[in-house]
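Please look over the sequence and the model below before reading on.

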Amino acid sequence: MYAIEIRNLEKSFGDLHAVKGVSLAADQGEILSLLGPNGAGKSTTISMLSGLLAPDAGEAVIMGHSVTGEPQAAKSSLGVVPQDIALYEDLSARENL
């Protein structure tokens with residue numbers, strides 16, 4: 001079992017395909033980095049992994065838990081530190097944490 005596994009992940013916003021067919025896997029203890037220019041889909045991919053956005057297609061699994069099928073279990077297995085201070089007004093204090 002991989003710590004993180006993404007298979008054919010996709011997300012669109014209207015006609016804009018922000019993430020199209022992304023697949024990757026990382027074992028426990030590995031360090032994974034997403035690199036690319038602005039607009040490449042890095043933040044959108046992380047948002048789908050952390051449960052902030054629902055993927056349009058594909059699957060993401062964290063420590064054996066589907067981010068869509070078992071969102072709470074997947075979220076509890078993942079830690080994300082955003083590059084900027086990010087507070088979402090539509091989320092409660094607990095949900096922001």
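Which residues make a nonpolar surface patch of about 200 Å²? In this predicted model, the patch is made by L34, I46 and V80. V80 has its place in the loop between α2 (71-76) and α3 (93-96), and V80 counts as partly exposed because its relative accessible area is 43%, a value that falls between the limits of 20% for buried and 50% for exposed.

In soluble globular proteins, nonpolar side chains tend to be buried together. The largest nonpolar core here has 12 residues in all, among them I4, L9, V19, M48, I62 and A74. The elements that give two or more residues to this core are the strands β1 (4-13), β2 (16-26) and β3 (57-62), together with the helix α1 (42-49).

A18 also belongs to this core, and, if its neighbours within four places in sequence are left aside, A18 is in contact with K11, S12, F13, A40, G41 and T44.

## Salt bridges

The count comes to 2 salt bridges. In one of them, E5 pairs with R7, with the closest N and O atoms 3.1 Å apart; E5 is partly exposed at 23% relative accessibility, and R7 is partly exposed as well, at 36%.

K11 forms a salt bridge with D56, where the closest N and O atoms are 3.5 Å apart. Because K11 lies in strand β1 and D56 in the loop between α1 and β3, this pair ties together parts that are 45 residues apart in sequence. K11 is buried, with a relative accessible area of 11%, whereas D56 is partly exposed, at 48%.

Methods: Residues numbered from 1 in each chain as written. Predicted model: local features only at pLDDT ≥ 70, side-chain atom pairs only at ≥ 80, totals over all residues. Heavy atoms only, no water. Patch = residues over 30% accessible without salt bridge, like charges linked within 9 Å, V, L, I, M, F, W, Y side chains within 5 Å. Areas by Shrake-Rupley, 256 points an atom, 1.4 Å probe, with all protein chains shown as cover. Salt bridge = Lys/Arg side-chain N within 4 Å of Asp/Glu carboxyl O. Helix = DSSP H or I, 4+ residues; strand = E, 2+ residues; numbered from the N terminus. Buried < 20%, exposed > 50% of the residue type's maximum accessible area, 1.4 Å probe, protein only. Core = buried A, V, L, I, M, F, W, Y, C linked by side-chain atoms within 4.5 Å. Contact = heavy atoms within 4.5 Å.
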